[in-house]
Amino acid sequence: MHSNVRVTSSVHYISRRSPVLSRRGMVASSSPQASLFGLQMLSAGGTAADAAVAAAAGLQVTMPCQTGLGGDCFVLYYEAATGTVHALNGSGRSAGQLSLELLARQGLGGALPVDHAHNVTVPGAPAAWEDVQRRFGTLPRERVVAPAAALAEEGYPVAPLTAALWEGGAAPLMSARHGGELLLNGRAPRAGEVMRIATLAATLRTWGESGAAPFYTGAIAERVVAEVGAAGGMLAPADLAAHRSAWVQPLSVDYRGRRIWECPPNGQGLAVLVALRLLAQFDLAAEHGAHAGADRYHLAIECMRRGFAAAARCVADPEHAELPIRQLLSRDYAAAVARHIDPRRASAPPPGGEEPVAPGDTVYLCTADAAGNACSFIGSNYMSFGTGIVPEGCGYALQNRGAGFVLEPGHANSLAPGKRPYHTIIPGMMTNSDGGLQAAFGVMGGFMQPQGHLQVVSALLDDGVDPQAALDRPRFQLAAGSVAALSGAAVRLEEGLEAVADQLRDRGHRVQLAAGDARLGFGRGQAIWRTGEGVLWGGSDPRGDGCALGLPG
């Protein structure tokens with residue numbers, strides 16, 4: 001390294017990227033190593049599913065502060081042979097003995113600390129990895145995870161943004177009995193330092209050899225139960241043994257002649273679809289792309305507020321509540337609600353003060369193969385390392401997804417035994433008018449995700465830009481600490497939108513400008529677009545460490 005090159009943890013967001021093009025296959029993920037692992041599977045004759053799981057395993061190694069086998073994942077898969085979009089819900093449930101009454105007896109009924117062991121829900125990722133790869137993959141499991149296992153064992157230099165996120169989320173690991181497995185000399189690794197996680201390498205090889213079974217009924221399951229119990233949690237062997245992923249019917253709406261697909265609740269994709277239904281009621285042709293002004297942003301913000309209002313009421317475990325999804329996605333509902341959106345004036349916010357912004361630490365990846373299949377895949381621990389609880393000898397942390405519940409009796413998303421919470425992570429998919437694959441896309445980051453989906457889809461379809469350009473654009477963000485507060489939250493804007501900020505204030509919006517590291521909250525995404533000729537266009541967010549890679553040709 002030259003002496004005039006300085007390694008820094010500061011995060012800069014300057015993009016000069018061009019889209020990546022290929023006809024033979026593509027992977028876009030939050031980590032170059034993970035993208036390469038996925039590409040290796042495509043080169044070996046694997047499918048988009050093989051590539052997705054290989055990349056997910058790579059992300060577990062290179063970004064354990066964001067995702068992993070101790071968390072959940074959701075998948076949308078486009079199957080070219082049938083022209084079908086499949087949805088996999090890979091989220092786990094709360095402990096069977098956990099209830100509001102129990103929290104009250106323990107003095108936790110008013111609020112549950114986000115890193116409390118009660119927030120450990122059953123990790124859904126191990127089963128989901130197996131389910132998607134078994135149904136749509138062609139390569140052996142051992143081969144799919146071998147590159148990630150080798151990287152965990154041999155070590156890798158930690159990327160700058162990942163190092164900053166690792167340091168920001170390391171506190172729970174410091175007090176966890178086995179948190180040192182994810183630390184370097186008792187601290188977070190710094191940018192450029194080599195990190196090895198030998199215990200994780202062994203865990204990945206276990207998944208490759210035996211699939212998900214050891215994580216739910218075997219030795220790994222025993223370690224998970226023991227560690228959660230030692231930390232004061234309630235997860236029991238029966239909770240893990242009962243876990244199953246769920247293949248579910250995805251939701252979709254039409255937007256500008258394309259069909260946008262999201263996973264159904266308990267994921268918050270419903271917020272995206274409600275907002276897009278509303279935005280479709282307005283003609284955005286007068287303001288295009290980088291020339292779009294406050295009118296365009298105003299309408300998108302107002303539609304997104306109403307999408308979040310619907311999500312706050314109706315995103316919950318559908319096995320525990322009747323959810324009026326058909327009504328919320330109907331054209332009649334969209335037309336009726338759109339009549340109440342003033343094109344020149346912001347909605348009056350509901351009473352109440354501002355809440356802190358809820359963090360969301362997640363990875364998103366998408367893959368496409370030469371046969372026309374595509375996978376939109378997202379996984380998360382929820383908040384950085386989740387609870388920070390690390391099962392002994394496993395090399396990964398357990399999520400705190402239970403923090404997505406509300407502690408309000410009678411609410412659709414109220415905490416209850418064996419229930420799935422409100423989930424922030426959402427993959428996206430787009431098909432064209434004849435049902436063919438158009439795009440796989442996603443934007444990670446807590447409650448930013450629906451907002452990112454809305455803005456990327458609008459850039460792609462309202463302005464016709466390529467995926468990289470869509471991801472490069474400065475974004476708005478409704479920022480609050482709970483989904484209930486988002487419908488009335490202040491608007492945060494990235495650098496480059498200063499003129500828009502003044503105009504939005506004139507319309508009655510409460511606006512904040514964000515620069516530098518504050519832009520971490522605006523999400524990091526990936527996207528792959530497929531043309532009618534089968535050419536793949538890939539993009540990766542300039543706010544992250546990732547990249548899109550395509551097979552030559």
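What follows is a list of stops, each with something to select and something to look for.

**Before you click**

You are looking at a predicted model, so local features here need pLDDT of at least 70 and side-chain atom pairs count only at pLDDT 80 or more, while totals for chains, interfaces and linings use all residues. Residues are numbered from 1 along each chain as its sequence is written, and side-chain values use heavy atoms, with hydrogens and water left out.

**Stop 1: colour by confidence**

Colour the chain by pLDDT, which is the predictor's confidence in each residue, from 0 to 100. The chain's mean is 91, and 93% of its residues reach 70 or more. Now select residues 1–13: pLDDT stays under 50 there, and the model gives this stretch 13 contacts beyond four places in sequence. (A contact means heavy atoms within 4.5 Å.) Next select 350–357, another stretch where pLDDT stays under 50, this time with 16 such contacts. Where pLDDT is low, the predicted coordinates should not be read in detail.

**Stop 2**

Two strands pair if DSSP finds at least two bridges between them.

Select β14, β15 and β16. In that order they make an open sheet of three strands with mixed pairing. Which strands stand at the edges? They are β14 (476–478) and β16, each with a single partner strand, so one side of each has no neighbour in the sheet. From one strand to the next, the twist averages 30°. (Angles run from 0 to 180 degrees between N-to-C directions, and axes are lines fitted to C-alpha atoms, for helices over the stretch in contact.)

Zoom in on β14 and β15 (residues 491–494): they pair in the antiparallel sense over three bridges.

Helix α13 (residues 294–314) lies across β14 and β15, at about 30° to β14. Helix α19 (residues 498–506) lies across β15 and β16, and runs at about 165° to β16.

**Stop 3: the nonpolar cores**

A nonpolar core is a set of buried Ala, Val, Leu, Ile, Met, Phe, Trp, Tyr and Cys residues joined through side-chain atoms within 4.5 Å. Buried means under 20% relative accessible area, exposed means over 50%, and partly exposed is in between (1.4 Å probe, protein chains only).

Select Trp129, Leu204 and Phe377, the residues with the most contacts inside the largest core, which has 91 residues. Helix α2 (residues 48–62) supplies the largest share of this core, 11 residues. Apart from it lies another core of 70 residues, including Val337, Met430, Ala439 and Ala485.

Go back to Trp129 and show what surrounds it. Beyond four places in sequence, the contacts of Trp129 include Val53, Ala56, Leu69, Trp207 and Phe377.

**Stop 4: Val457**

Select Val457, in helix α16 (residues 448–462). Is Val457 buried or exposed? Its relative accessible area is 0%, so Val457 is buried. Leaving out residues up to four places away in sequence, Val457 touches Tyr255, Ile260, Leu276, Met430, Phe441 and Asp462.

**Stop 5: Asn413**

Jump to Asn413, in the loop between β11 (374–382) and β12 (428–431). With a relative accessible area of 3%, Asn413 is buried. What does the side chain of Asn413 reach at 2.7 Å? That is the backbone oxygen of Gly404.

**Stop 6**

Select Tyr382, in strand β11. Its phi is near 85°, a positive value in a residue other than glycine. At 6% relative accessibility, Tyr382 counts as buried. Then pick Ser384, in the loop between β11 and β12. Ser384 has a positive phi of about 55° and isn't a glycine. Ser384 is buried, with a relative accessible area of 8%.

**Last stop: Arg519**

Finish at Arg519, in the loop between β16 (511–514) and β17 (524–530). Arg519 counts as buried, at 8% relative accessibility. Show Glu494 too: Arg519 and Glu494 are 25 residues apart along the chain, with their C-alpha atoms separated by 6.7 Å.

Note on methods
Helices (H or I, at least four residues) and strands (E, at least two) are DSSP runs, numbered from the N terminus. A polar contact is a pair of N or O atoms within 3.5 Å; within protein, one must be able to donate a hydrogen and the other to accept it, and residues adjacent in sequence count only if both atoms are side-chain atoms.
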